[in-house]
Amino acid sequence: MSAVTPQTDPIEDYVSSLAAALHGPARTKARMVAEVREDLTDAVSERTRAGLTYQRAADQAVREFGTADELVVSWQRELTIAQARHTARAVALTVPFVIACWYLVRQAGHDQTWELPRTAQLLAVHLAGVSAAAALLAAVALAATGTLARWLPTPDRLPLTVAWGGTVASVSMAVATLALAIAAALGTDWLLLAFAGALAATSHALVAGSARSCRRCARLPVIEAPGAGER
Amino acid sequence: MRQDAVRGHLDGLLLAVLEPGPLHGYAIITAVQQRSGGALELRTGTIYPALNRLERIGLLRSSWQSAGERRRRCYELTEAGRRTLASERTAWQEFTTAIGSVLNPVTPPGVAT
């Protein structure tokens, strides 16, 4: 008895291997992969109309598309930039949290008598300052990878810089959360400080995951895309 | 023609084939091949990162469009894309004129004026 090996669909195999090799924001990656599937389906339809079998048409279409190994590096560059923009937006989104946090800490500090809560408040304010600096870096990164990229080349190290900027912001917000929690436990205005701590924790949660993904993407090898940064 | 020869001109090629109206990825590749009489060999897969980049910098916009049971992402030029295409054309004409005047001089070389 001979075992019959079921033939796999070359398009699905190809799309799966490409998807497995790429890292970046889920929505952007899903969109790129969906486009590949549509493109290959078009290419196969054209060939089957010309008389080829599905299997041969699919093999040909995949060969013309380029191997996953050939393409993954240039595709990863775009996904890495997309991830850097995602992280930059997350960092920028923490600005209102940082401002609210700062305001609440100042309000709570007016009638502060305990030394430790005062120290914790100062620490929280300084860490919020670090986050504000990271937000400024994020704004620059968004501009440099957006419209400005028409005229200026995007620095290769920008995604890594954004990744570490996001990491620093996320760590500072985590420490600020801890400091505010201590201040809330020992201070008189515990409700305001606890609310400020909750805001800091939310900021941390927003940025931490995105910054981790960005560090991972930024470590992957990339090449300059054709035409990129040549203006 | 090798793909290396296209490097640096891919943006202009993509913007030019999108000038008449919106197209999806496979139609863009087909349009480049048809316009070049099959002379330009583009790996189909290379255009997607380029389209993504052109959209990111605001020269293209895209949207999903349904065609029967299929959904295709169609790209079209923005106003900035049209302006960039015009300047790409001007730059290309200046470049080919300059190279052409060196390769095919009006006055034969060695003739003193």
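Predicted model: local features only at pLDDT ≥ 70, side-chain atom pairs only at ≥ 80, totals over all residues.
Q: How many helices and how many strands does chain A have?
A: Read along the sequence, chain A follows the pattern α-α-α-α-α-α-α. The count for chain A is therefore seven helices and zero strands.

Q: What percentage of the residues in chain A is buried?
A: A residue is buried if 20 or more other C-beta atoms lie within 10 Å of its own. Chain A has 231 residues, and the buried part of them is 43%.

Q: Among contacts in chain A between residues at least 6 apart in sequence, what share joins residues at least 24 apart?
A: Two residues are in contact if their C-beta atoms lie within 7 Å. Among contacts in chain A that link residues at least 6 apart in sequence, the share joining residues at least 24 apart is 81%.

Q: Is Leu22(A) buried or exposed?
A: Leu22(A) lies in the loop between α1 and α2 of chain A. The cut-off for a buried residue is 20 or more other C-beta atoms within 10 Å. Because Leu22(A) has 21 C-beta neighbours inside 10 Å, Leu22(A) counts as buried.

Q: What distance separates the C-alpha atoms of Leu22(A) and Trp75(A)?
A: Not counting residues up to four places away in sequence, Leu22(A) touches several residues, including Val72(A), Trp75(A) and Leu79(A). Leu22(A) and Trp75(A) are 53 residues apart along the chain, and their C-alpha atoms are separated by 7.7 Å.

Q: Why does Asp9(A) count as partly exposed?
A: Asp9(A) is placed in the segment before α1 (10-21) of chain A. A residue is buried with 20 or more other C-beta atoms within 10 Å and exposed with 12 or fewer. Asp9(A) counts as partly exposed because the number of other C-beta atoms within 10 Å is 13.

Q: Which helix supplies the largest share of the side of chain A that touches chain B?
A: The contact takes 26 residues from chain A and 23 residues from chain B. On the side of chain A that touches chain B, α2 (26-49), α3 (54-65) and α4 (68-109) each supply at least two residues. The largest share, seven residues, comes from α2(A).

Q: In what order do the three strands of chain B form an open sheet?
A: The edge strands are β1 (23-24) and β2 of chain B, each of which pairs on one side only. Two bridges join β1(B) to β3(B), and eight bridges join β2(B) to β3(B). The pairing is antiparallel, and the order is β1-β3-β2.

Q: Which residue in β3(B) is the bridge partner of Ser66(B)?
A: Strand β2 (residues 60-67) of chain B runs antiparallel to strand β3 (residues 70-77) of chain B. These two strands form a hairpin with two residues between them, and Gly68(B) in the turn has a positive phi of about 70°. In β3(B), the bridge partner of Ser66(B) is Arg71(B).

Q: Which residue in β3(B) is the bridge partner of His24(B)?
A: The strands β1(B) and β3(B) run antiparallel and are joined by two bridges. In β3(B), the partner of His24(B) is Cys74(B).

Q: What average pLDDT does chain A have?
A: In chain A, 83% of the residues score at least 70. Over residues 225-231 of chain A the pLDDT is below 50. The average pLDDT of chain A is 80.

Definitions and conventions. Residues numbered from 1 in each chain as written. Chains lettered and ligands numbered in written order. Pairing = 2+ DSSP bridges. Helix = DSSP H or I, 4+ residues; strand = E, 2+ residues; numbered from the N terminus. pLDDT = per-residue confidence, 0-100.
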